[in-house]
Amino acid sequence: MKTLSKFLCAALLGLLVLTAPPAAQAQTYGPPAWGPPVPQGTQFYYIPEIDGYYDLYAQQYIVFQNGQWVALPPSYYDPYAFHPVILDYRGRQPWVFVNAHRDRYPRRVVVVQPRRAIPPGQVRRAYREAYPQGRYEDNRGHGNNNGHGRSRRD
């Protein structure tokens, strides 16, 4: 009888543990390391260099390509070349106001290219093509002038 009561207690405790709701995990959204601090509730940056947006909640870029707004992963661009602008916008489609954003925050002269990793093995091949002799030759520090740009005139 004593064993049965222990078993029932353990089963009841196990049932309570399994049916208890999971602990709520607080999701905090903040600016990425490369972005300026944002007030509570801010969801988007406008990035003039790519004429697009960065969604702080989804952590992705939103840009206009091939006639539609598409989401791109955060690794697609090098964000340290950007000058993001904090948008005071509440909603899910900031691109509705893209013309106002373009007028207010004009593009900078910086041209931003997507990051493209060189496939494995391509670095070595590119080096061989650039330097077929296998060495880099320049005249800095070698030969005449003892490493100085001008020759001496005595």
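Is Thr-42 buried or exposed, and at what relative accessibility? Thr-42 counts as buried, because its relative accessibility is 6%, where buried means under 20% relative accessible area, exposed over 50% and partly exposed in between, with a 1.4 Å probe and protein chains only. The model shown is predicted, so local features need pLDDT of at least 70 and side-chain atom pairs count only at pLDDT 80 or more, while totals for chains, interfaces and linings use all residues. Residues are numbered from 1 along each chain as its sequence is written, and side-chain values use heavy atoms, with hydrogens and water left out.

View 1. Helices (H or I, at least four residues) and strands (E, at least two) are DSSP runs, numbered from the N terminus. The side chain of Thr-42 reaches the backbone oxygen of Pro-39 at 3.0 Å. Not counting residues up to four places away in sequence, Thr-42 also touches Leu-56, Tyr-57, Ile-86, Leu-87 and Arg-90, contact being heavy atoms within 4.5 Å.

**View 2. The open sheet of five strands, in the order β4-β3-β2-β1-β5.** The pairing is antiparallel, and two strands pair if DSSP finds at least two bridges between them. At the edges, β4 (68-72) and β5 (85-86) each pair on one side only. Strand β3 (residues 60-65) is joined to β4 by five bridges, and Tyr-61 stands opposite Leu-72 in β4.

**View 3. The largest nonpolar core, with 11 residues, including Trp-34, Tyr-45, Ile-47 and Phe-82.** A nonpolar core is a set of buried Ala, Val, Leu, Ile, Met, Phe, Trp, Tyr and Cys residues joined through side-chain atoms within 4.5 Å. The elements that give two or more residues to this core are β1 and β3. Leaving aside neighbours within four places in sequence, Ile-47 is in contact with Trp-34, Gly-52, Tyr-54, Tyr-61, Phe-82 and Pro-84.

**View 4. The salt bridge between Arg-102 and Asp-51.** A salt bridge is a side-chain nitrogen of Lys or Arg within 4 Å of a carboxyl oxygen of Asp or Glu, and here the closest N and O atoms are 2.7 Å apart. The pair links distant parts of the chain, with Arg-102 in helix α2 (residues 98-104) and Asp-51 in the loop between β1 and β2 (52-55), 51 residues apart. Arg-102 counts as partly exposed at 35% relative accessibility, whereas Asp-51 counts as buried at 11%.

Conventions
A polar contact is a pair of N or O atoms within 3.5 Å; within protein, one must be able to donate a hydrogen and the other to accept it, and residues adjacent in sequence count only if both atoms are side-chain atoms.
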